[in-house]
Amino acid sequence: MTKKILLVDDNERIRGGIKEYLEALGYSITTATDGEDDRRMLFDESLNPDYVLTDTLMPRINGLKLLQLIHNNGLTSRIKTTLMSQSNRIDDIDLTTYAEDRNATFLNKDDIDFYKRVIEYFPNN
């Protein structure tokens, strides 16, 4: 069964590159441009994603708030979620710790093994 990923990033180039890569591996990808769009999609029963891969810094609802919403809602808390950013910290927040405290993971987009780690976190079987 093909796994469904909801991919959220406000940068079209990054979103497109990740989408293309994951689709080539057989994932079904739905994209959103910010956390507000993603929040609405999470409650669309026809989407029902297995995974959420979200940028951290976005307009309207950022990835930190989005992760908190996913984690605290009984309908979405089962969704495996990964925060991604080009920095390991935002202000005084360590993103790895923030994600782990909410049963999620963190990936640095600048990590040379970024794509390898994405597929480790999101098995497609």
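Buried means under 20% relative accessible area, exposed means over 50%, and partly exposed lies in between. Keep those words in mind for this tour of a predicted model.

**Stop one: Tyr-21.** Select Tyr-21. Its relative accessible area is 29%, so Tyr-21 is partly exposed. You will find Tyr-21 in helix α1, which covers residues 12-24.

**Stop two: Tyr-115.** The structure holds two aromatic pairs. Tyr-21 and Tyr-115 make up one of them, a tilted pair with 4.5 Å from centre to centre and 50° between the planes. Which parts of the chain does this pair link? Tyr-115 sits in helix α5 (residues 114-121), so the pair joins helix α1 to helix α5 across 94 residues, linking distant parts of the chain. Tyr-115 has a relative accessibility of 33% and also counts as partly exposed.

**Stop three: Phe-114.** Select Phe-114 next. The ring centres of Phe-114 and Tyr-115 are 5.3 Å apart. Their planes meet at 80°, so this pair is edge-to-face. Is Phe-114 buried or exposed? Phe-114 has 5% relative accessibility, so it counts as buried.

**Stop four: the cluster.** Show Tyr-21, Phe-114 and Tyr-115 together. Ring pairs link these three residues into a cluster.

**Last stop: Tyr-98 and Arg-102.** Arg-102 lies over the face of the Tyr-98 ring. The distance to the ring centre is 3.6 Å.

Key
Residues are numbered from 1 along each chain as its sequence is written. This is a predicted model: local features need pLDDT of at least 70, side-chain atom pairs count only at pLDDT 80 or more; totals for chains, interfaces and linings use all residues. Side-chain values use heavy atoms; hydrogens and water are left out. Rings of Phe, Tyr and Trp (its six-membered ring) pair if their centres lie within 6.5 Å; planes under 30 degrees apart count as stacked, over 60 as edge-to-face and the rest as tilted. Helices (H or I, at least four residues) and strands (E, at least two) are DSSP runs, numbered from the N terminus. Buried means under 20% relative accessible area, exposed over 50%, partly exposed in between (1.4 Å probe, protein chains only). A charge sits over a ring if NZ of Lys or CZ of Arg is within 6 Å of the ring centre and within 35 degrees of the ring normal.
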